[in-house]
Amino acid sequence: MKSYRLEFDGLKPALDIPSDGSPVIIAGPCGAESREQVVETAEALAGAGINVFRCGLWKPRTMPGCFEGVGETGLPWLVEAGKRTGMLTATEVATPAHLRAALDAGIDILWIGARTTVNPFLVQEIADEASIYVANGRDVRFLVKNPVNPDVDLWIGAIQRLYNAGVRRISAVHRGFSAYGAKSYRNPPQWPVPVELGRRIKGIQILCDPSHIGGKRELVEPLAKEALRMGFDGLIIESHRDPDAALSDARQQLTPAALSAILGRLRKTQASNTSDSGNDSAELSALREQIDRVDDSLMELLSQRMGIARAIGELKERNNMPVLQPERYDSLITGRVNTAEALGLSPDFVRKLLGVIHEESLRQQLHK
C-alpha cells in the first residue's frame, strides 16, 4: 500500500454524530418489497431509536432472474416512511438516472455499492450528475462502500471523484471483500484496508456493515462489537419485519426487535468501557511506551540483518554463487516457524513476515 496521505479540505461526514457521542446507526431492509413492508419496518426501527432508514430500490444481482428491486416504484414508500417516523432515508444508486430519481423524490442520503465502486467510469457519471445538484444548492450526501476487491486506491478514487464534483458530505462504508471458496464470512473483513483508508483520508467517517461481512444474522453482533472496538464511527445493519420471508439477503437480516436488543448490549459494553477508561489510561500509556521501545529495537535489528544480507551478496558475487538458494530458505522457514509456535506466535503470521524479510534481503543482495 502507498504511504501518502490525501487532503480533502472541507470534507464532512454524511451523517452527524449523535449528541451523546454514540455511534451512528443506519438500519433497514436489504430491499423494498411493498409499501407495507417498508413503512412497518421503518416504524419499528424508529421505535428502537434508529434515526436513519436504509432500503434498496435498485438491487444489483449476480444472476438474472433474481429479485432486482422495485425501482422507482418504491420511492414514495421511502418518502412516506421518512415522514411518518422523522428518520432520514437512504438508498443505493448505481446510475445517474437512479441519482436523479432519488434526489428529485427527496431521499436524504445516497450510497454507492461495492459493485459500482469498482467502475471508475460509472462513478464519474454519477459524480457529474451530482455536481448539477450541488451547483443548485442541494445538500447531497453519499456513503461509498468499499469495492468488492481489497483495493484501497479504488475506494479512495471513488470518494475523490465525488469530492471533485463538489460533494462535501461523504462517508465510507466497510462491507468486507469477496473471496473464493469456503470461508467463515460472506465477505471477509480484511480490517487493515479500512484502517489504511482512514490513515490516507484524515478524519473521514467510516461505518461498518456487519450484515454483508458476516452474511449470517448470528454474526452481526460479534462483528459490530469488533468494529466499534476498532473505532468505527457507526454501523449500517440490515433489518426486515420478517427476515425469513425477505426477497433478498434473508439469511443476514434481523428483526427490528432483535436489532434493538443487540444495540442495547453494545451500548452497555461501550458504557462499561468508557467508565473504565480513566483508570486504565496510565497503564495504557505505559504499555504503548513499551511497544515503542520494542519497535525501535526491531528497526535496529532489521537494519543489522540487511547489512549482513548485503555482505552475503558480495560474498556470493565474488564466488559466482546464485543469490537465491531454495534449500536454505526452506530450512530457515521451517526452523523459525517451529520456534515461533513454541513462543506462542501464529505460524501464518511468521511465514508472511519471513517472506517479506527474505524478499527484501534478496533485493539488498542484488542491489548492494
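Which residue forms a salt bridge with D249, and how far apart are the closest N and O atoms?

A: Happy to walk through it, keeping in mind that this is a predicted model. D249 forms a salt bridge with R186, and their closest N and O atoms are 3.2 Å apart. This pair links distant parts of the chain: D249 sits in the loop between strand 8 and helix 10, while R186 belongs to the loop between strand 6 (169-174) and helix 7 (192-200), 63 residues apart. R186 has 33% relative accessibility, so it counts as partly exposed.

D249 also has a salt bridge with R61, where the closest N and O atoms are 3.8 Å apart. Here again distant parts of the chain are linked, since R61 is in the loop between strand 2 and helix 2, 188 residues from D249. As for accessibility, D249 counts as buried at 15%, whereas R61, at 24%, counts as partly exposed.

The loop that holds R61 also holds K59, between strand 2 (52-54) and helix 2 (75-85). Leaving aside neighbours within four places in sequence, K59 is in contact with C30, G31, R54, F67, E68, G69 and S248.

Now back to the loop of D249, between strand 8 and helix 10. R241 lies in the loop between strand 8 (234-238) and helix 10 (256-318), and its partner E40 lies in helix 1 (residues 35-47), so this pair ties together parts that are 201 residues apart in sequence. The closest N and O atoms of E40 and R241 are 2.7 Å apart. Both partners count as partly exposed, E40 at 41% relative accessibility and R241 at 38%.

To put these pairs in context, the count for the model comes to 21 salt bridges. Some of them share partners, joining R35, E36, E43, E80 and R84 into one network.

For a nonpolar counterpart, look at L235, one of the residues that touch the most other members of the largest nonpolar core, which has 68 residues. Helix 6 (residues 152-164) gives the largest share of this core, seven residues. Beyond its neighbours within four places in sequence, L235 has contacts that include V24, L207, P210 and L266.

Technical notes
Residues are numbered from 1 along each chain as its sequence is written. This is a predicted model: local features need pLDDT of at least 70, side-chain atom pairs count only at pLDDT 80 or more; totals for chains, interfaces and linings use all residues. Side-chain values use heavy atoms; hydrogens and water are left out. A nonpolar core is a set of buried Ala, Val, Leu, Ile, Met, Phe, Trp, Tyr and Cys residues joined through side-chain atoms within 4.5 Å. Buried means under 20% relative accessible area, exposed over 50%, partly exposed in between (1.4 Å probe, protein chains only). Helices (H or I, at least four residues) and strands (E, at least two) are DSSP runs, numbered from the N terminus. Contact means heavy atoms within 4.5 Å. A salt bridge is a side-chain nitrogen of Lys or Arg within 4 Å of a carboxyl oxygen of Asp or Glu.
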